[in-house]
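Hi,

Here is the structure we talked about. Please open it alongside this note; what turned up follows below.

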Amino acid sequence: MDSQGLSEAFQGPSASRYCPCRGDACQNGRLDGARIASMLRIGSVQIGSPAFLAPMAGHCDLPFRLLCREQGGVGLASTDLLNSYSLLKESPRAMQLAATCEADAPLCMQVYGSQHDPLPDAARWAVDHGADIIDINMGCPVDKVAKKNGGSMLLCDPESTIHLAASIIDAVEKTSNVPVTAKIRLGWDDQRIVGPLLARALENIGIAAITVHGRTTEQRFRGEVRLDGIAEVKAAVTSIPVIGNGDIRTADDAVRMIEATGCDAVMVGRGALRRPWIFEQIRSRLVDDIDLPDPTFNEKLRIIERHLDLMLEFQDERMVLHRLRSAIAWYGKTMGHVKPLKEAVRTATTSVDIRSVLREWVDLPAAATVNE
């Protein structure tokens, strides 16, 4: 992008602004009688639910994405954060993170790095390996990402970030119609709030949707999500969807975010680790205005066992034990006083032992569900 194009990107709304519907009838408006449209489009991709699974380092592998999809209501699911160099080298770890299958759709692959990294080539690789949407990570506050000038460090230099995004869009558009999106935060800190300005500029160069986590990098995950900040980002763009992110733990939280910000969808991160069934609850509440209850205690045990099955299908025994020992701490937050169950899973030495533990707890008297 030349200097004139960059200047135009940061200007205010104009009649020639990019629309993700590419001339089709826009489907991102609210429906009569509903809190939110049941369908929205991100570029060429039609999304069937306003509840999205966020990219989360160490959690969003293929088994977990499939588990969430099986519970219903997932409009879009994202991979873990993908390092551009590792993708292009096809390192074993990167291939595991990017693994997908036919049932894992629509799929967003999120790439991270800086303007000095081969992100355009990594985006093309992702398109060739199953991505329906490419997302650029502009919001991760974790040191191992930000200290390499990626993630939320991109918020500190909006002009360079726009150049980077434009180069990725150009690379992807040469061979496909796969849309490119961006996930941002409000800014680096309270003195450097750039979210609205950056969102407007990204829309002007062709970014097809913006996800905004309603905190600054300095906040990381402390304090409450700033709904007014998300609303300002939504107001800054004219035609692309804005997805709100942060502190979505229940369907009520999703309703509150939609009503306070006007965003087009919500993205669930840590809330899905304890409730992988949350997406259908959100979809039902936002679209149908119906409250769905949590699964029963026994149903939750079956969901955990299904997670185990999916892990065993795609991962080796060592990884299965590692992942489920971590996952049981999250699941346990919705299951009442189940310390012995969590401890038994953590100390199990084989997946067979874990399955036996889960089945031993079926129909046992359980404490009242804890809503956290």
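Ser-114 sits in the loop between S5 and H5. This is a predicted model, so please read everything here as computed from it. Is Ser-114 buried or exposed? Ser-114 has a relative accessible area of 3%. The cut-off for buried is under 20%, so Ser-114 counts as buried. Its C-alpha atom is 8.0 Å from that of Gly-151.

H5 covers residues 119-128. Seven of its 10 residues are buried, so H5 is largely enclosed by the rest of the structure. The buried ones are Leu-119, Pro-120, Ala-122, Ala-123, Trp-125, Ala-126 and Val-127. Their cover includes helix H3 (84-89), H4, S5, strand S6 (133-138) and helix H7 (158-173). Gly-130 follows H5 and has a positive phi, near 110 degrees.

Now the cores. The largest nonpolar core has 98 residues. Ile-134, Leu-202 and Ile-282 touch the most other members. Leaving out residues up to four places away in sequence, Ile-134 touches Met-109, Val-111, Ala-123, Ala-126, Val-127, Val-172, Val-178, Pro-179, Val-180 and Thr-181. Another core, of 14 residues, lies apart from the largest one. Val-45, Leu-76, Ala-209 and Ala-265 are among its members.

Then the pockets. The largest has a volume of about 900 Å³. Its lining counts 42 residues, with Pro-55, Met-56, Ala-57, Leu-81 and Cys-140 nearest the centre. By class, that lining has 19 nonpolar, 13 polar and 10 charged residues. Elements that each supply at least two lining residues include strand S4 (76-83), helix H4 (92-98), strand S5 (107-112) and strand S7 (180-185).

The second largest pocket has a volume of about 180 Å³. It is lined by 13 residues, and Gly-58, Arg-93, Met-319, His-322 and Arg-323 are the closest to its centre. Which helix gives the most to this lining? H14 does, with four residues. H4 also supplies at least two. The lining of the second largest pocket divides into three nonpolar, six polar and four charged residues.

The largest cavity holds about 110 Å³. Of the 17 residues lining it, Leu-76, Asp-135, Thr-181, Thr-211 and Met-267 lie nearest the centre. S4, S5, S6, S7 and S8 each supply at least two lining residues. S7 gives the most, with three. The lining of the largest cavity has 11 nonpolar, four polar and two charged residues.

Best wishes

Key
Residues are numbered from 1 along each chain as its sequence is written. This is a predicted model: local features need pLDDT of at least 70, side-chain atom pairs count only at pLDDT 80 or more; totals for chains, interfaces and linings use all residues. Side-chain values use heavy atoms; hydrogens and water are left out. On a 1 Å grid over the protein atoms alone, a cavity is a set of points where a 1.4 Å probe fits but cannot get out, and a pocket is an open set with protein on both sides within 12 Å along at least five of seven lines; lining residues have an atom within 4 Å of a point. Grid points are joined across faces, edges and corners, and a volume is the space filled by probe spheres set on the points. Ala, Val, Leu, Ile, Met, Phe, Trp, Tyr, Cys and Pro count as nonpolar, Asp, Glu, Lys and Arg as charged, and the others, Gly among them, as polar. A nonpolar core is a set of buried Ala, Val, Leu, Ile, Met, Phe, Trp, Tyr and Cys residues joined through side-chain atoms within 4.5 Å. Buried means under 20% relative accessible area, exposed over 50%, partly exposed in between (1.4 Å probe, protein chains only). Contact means heavy atoms within 4.5 Å.
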